[in-house]
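Subject: Structure handover

Hello,

Here is the structure I promised to pass on. Please open it before reading my notes.

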Amino acid sequence: MVDKTAKEHLAHIAEAMKDIDFVMLNTHTRAGQIGARPMSNNRQVDYDGDSYYFTWADSLMAKDIEKNPKVGLSLQGAPKESGAPGIFIALEGDAEIVRDKAEFEKHWVKDLERWFEDGTDTEGLVMLHVHATRCAYWDGEDEGDFVI
């Protein structure tokens with residue numbers, strides 16, 4: 001494997017993430033366990049280490065993040081036609097709870113109205129901004145473990 005820069009690794013996973021719609025977002029629970037929830041990735045095509053997810057302000061996930069902002073994201077891509085497995089991506093980072101509707105608008109996609117009927121005006125809506133600090137991935141041919 002040829003050594004790559006963090007920027008090259010990031011470009012590789014960003015390209016792969018274009019085809020992955022859901023991630024598992026992992027938090028530290030109040031009891032010290034790991035809580036994992038599926039979240040829509042909205043196919044953020046210009047991934048640069050920051051991810052955005054919408055949820056309810058009173059959810060256990062939001063409460064977990066308020067207590068401990070360290071989170072993990074797990075993604076898996078579809079298998080390749082060659083028979084190689086799809087890419088596996090594990091991201092670690094810090095989550096922030098955003099309550100600013102102007103920020104919501106920057107990351108909102110119409111498909112989210114399936115879960116939040118009133119769009120960015122949905123009562124109790126918050127956005128999670130996850131800033132990744134570390135990544136590991138493997139796609140059956142290439143791998144990386146790097147700091148973002």
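Predicted model: local features only at pLDDT ≥ 70, side-chain atom pairs only at ≥ 80, totals over all residues.

Nonpolar cores

The largest nonpolar core has 29 residues. Within it, Ile13, Leu25, Ile89 and Leu91 touch the most other members. Helix H1 (6-17), S1, H2, S4, S5 and S6 each give two or more residues to this core. S6 supplies the largest share, six residues. Ile13 is worth a look. Beyond four places in sequence, Ile13 contacts Tyr47, Ile87, Ile89, Leu91, Cys135, Tyr137 and Phe146. A separate core of nine residues lies apart from the largest one. Its members include Tyr52, Phe54, Val98 and Leu112. In soluble globular proteins, nonpolar side chains tend to be buried together.

Helix H2

H2 covers residues 60-67. Its buried residues are Met61, Ala62, Asp64 and Ile65. Viewed down the helix axis, they fall within an arc of 155°, so they line one face of H2. Leu60 and Lys67, on the other side of H2, are exposed. What do the buried residues of H2 pack against? Strands, and several of them: S1 (22-28), S2 (34-40), S3 (50-56), S4 (70-76), S5 (88-98) and S6.

Aromatic pairs

The whole structure holds six aromatic pairs. Take Phe54 and Trp108. Their ring centres are 4.9 Å apart and their planes stand at 75°, so this pair is edge-to-face. The pair links distant parts of the chain, 54 residues apart. Phe54 is in strand S3, while Trp108 is in the loop between helix H3 (101-107) and S6. Phe54 is buried, because its relative accessibility is 7%. Trp108, at 16%, also counts as buried.

Now Phe88 and Trp138. Here the ring centres are 6.1 Å apart and the planes are at 20°, so the pair is stacked. Phe88 lies in strand S5 and Trp138 in strand S6, so the pair ties together parts 50 residues apart in sequence. Phe88 is partly exposed, with 35% relative accessibility. Trp138 is partly exposed too, at 40%.

Ring pairs also build a cluster. Its members are Phe54, Trp56, Phe104, Trp108 and Phe116.

His129

His129 sits in strand S6, which runs over residues 125-138. Is His129 buried or exposed? Buried: its relative accessibility is 18%, and the cut-off for buried is under 20%. The side chain of His129 makes a polar contact of 3.5 Å with that of Tyr52. Leaving out neighbours within four places in sequence, His129 is in contact with Asp50, Ser51, Tyr52, Asp94, Ala95, Glu96 and Val98. Of these contacts, Tyr52 and Val98 are among the members of the nine-residue core.

Pro85

Pro85 is in the loop between S4 and S5. At 29% relative accessibility, Pro85 counts as partly exposed. Pro85 and Lys70 are 15 residues apart in sequence, and 29 Å apart from C-alpha to C-alpha. Not counting residues up to four places away in sequence, Pro85 touches Pro79, Lys80, Trp138, Asp139 and Gly140. One of these, Trp138, is also the stacking partner of Phe88.

Best wishes

Definitions and conventions
Residues numbered from 1 in each chain as written. Heavy atoms only, no water. Helix = DSSP H or I, 4+ residues; strand = E, 2+ residues; numbered from the N terminus. Buried < 20%, exposed > 50% of the residue type's maximum accessible area, 1.4 Å probe, protein only. Polar contact = N/O pair within 3.5 Å; in protein donor to acceptor, adjacent residues only side chain to side chain. Contact = heavy atoms within 4.5 Å. Arc of directions from axis to C-beta. Phe/Tyr/Trp six-rings, centres within 6.5 Å; stacked < 30°, edge-to-face > 60°. Core = buried A, V, L, I, M, F, W, Y, C linked by side-chain atoms within 4.5 Å.
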